[in-house]
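User: I'd like to go through the charged residues in this one, then the interface. Can you take my questions as they come?

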Amino acid sequence: MNIALLITHGLFAVALLGALTHQALGTVWPRKPGQRDFVARFRGVNGVGYTDAVIVLYIATFIMGGIVYTIYRIEVRPPLEALQDLPTVGLFELKEHFLAFGLAMLPAYWFFWHRRPEQRLTRTMITVLLALIVWWSFLVGHIVNNVRGFA
Amino acid sequence: MERAAPAFAVAFAIFYVLAFTFNYTPFTYFPALNEIKLGVVPGSDTVGPPIFWYGWLVYSILAGLVGAAVALVLPAKLTEKAWSLLVWLVPLVAIAYMSYEARHWFTYNLAG
């Protein structure tokens, strides 16, 4: 059951990562008319269309991560500390903190995408911060799982 | 919403840093026992490791709601521009601070 939850958590994280990366790159580096290469197409998305999906995916992934966290605390972190692999513990601790800050930004993220599209700087900064938080969390989750999964 | 949503993010981030620094939590969860104890309770060999993070989140959400309510009372015209800046600047500073606070995880073997 824990493995299934961890894998589902990871799959949701992949979807969230993809959506936020499309949206963030499209916001920071918009596609110009006539650009047709792969990177331009990757950026050429309707950013506002991703907003609700990002919020739902973020909350769902966060809740699943919060449940899996109990297993991490019992079965993963103590052996890492015993092995003096403290940098891995530190990376995961930062993941907890960053995700909490991201969670609190979601109402503002929704507001500035749906209700204040003219506030480009604010919308861009919130989106980029969320994308960086999700990228960090995704990579750290992988590192911790590779160092010591549930097995 | 224009003031409440950013104020929530700002108040949450500020209180989360305080909750982490001074360990303000309404409860401690012990996953090994599946038990919640009120206040800050340290872990041990018998009860296992404690989780304070859930409590920090609960307190920070409450602080965020209070911050949002206060923002609604403040004059809109004076504060609107500030919120659109603070909504990302405060979490960014909080992230930088937490990263600095976590440095001991990465430098422990350099001290000795």
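User: Glu118(A), buried or exposed?
Analyst: In this predicted model, Glu118(A) counts as exposed because its relative accessibility is 57%, over the 50% cut-off.

User: What does Glu118(A) form a salt bridge with?
Analyst: The partner is Arg116(A), with the closest N and O atoms 4.0 Å apart. Arg116(A) is partly exposed, at a relative accessible area of 24%.

User: How many salt bridges are there over all chains?
Analyst: Four, from a search of the whole structure. One of them joins the side chains of Lys37(B) and Glu35(B), at 3.3 Å from N to O. Lys37(B) is partly exposed at 30% relative accessibility, and Glu35(B) is partly exposed with a relative accessible area of 34%.

User: OK, Lys95(A). Where is it?
Analyst: Lys95(A) is in helix α4 (residues 86-114) of chain A. Lys95(A) is buried but has no salt bridge, and the nearest side chain of opposite charge, Glu96(A), is 9.2 Å away.

User: What is Lys95(A) in contact with, leaving aside neighbours within four places in sequence?
Analyst: His9(A), Trp136(A), Ser137(A), Val140(A) and Gly141(A).

User: Switching to the interface. How many residues of each chain are in contact?
Analyst: 34 residues of chain B contact 36 residues of chain A. The two chains bury about 3,200 Å² between them, with 80% of it on carbon and sulfur atoms. Trp53(B), Trp88(B) and Trp105(B) supply 22% of the area that chain B buries against chain A, more than any other three residues.

User: How many salt bridges and polar contacts between the chains?
Analyst: Zero salt bridges. There are five residue pairs in polar contact, both residues at pLDDT 80 or more.

User: And what kinds of residues does chain B put on that side?
Analyst: 31 nonpolar, two polar and one charged.

Note on methods. Residues are numbered from 1 along each chain as its sequence is written. Chains are lettered from A and ligands numbered from 1 in the order in which they are written. This is a predicted model: local features need pLDDT of at least 70, side-chain atom pairs count only at pLDDT 80 or more; totals for chains, interfaces and linings use all residues. Side-chain values use heavy atoms; hydrogens and water are left out. Contact means heavy atoms within 4.5 Å. Buried area is the accessible area (1.4 Å probe) that two parts lose on being put together, summed over both. A polar contact is a pair of N or O atoms within 3.5 Å; within protein, one must be able to donate a hydrogen and the other to accept it, and residues adjacent in sequence count only if both atoms are side-chain atoms. Ala, Val, Leu, Ile, Met, Phe, Trp, Tyr, Cys and Pro count as nonpolar, Asp, Glu, Lys and Arg as charged, and the others, Gly among them, as polar. Helices (H or I, at least four residues) and strands (E, at least two) are DSSP runs, numbered from the N terminus. Buried means under 20% relative accessible area, exposed over 50%, partly exposed in between (1.4 Å probe, protein chains only). Lys and Arg count as positive and Asp and Glu as negative; His and the chain ends are not counted.
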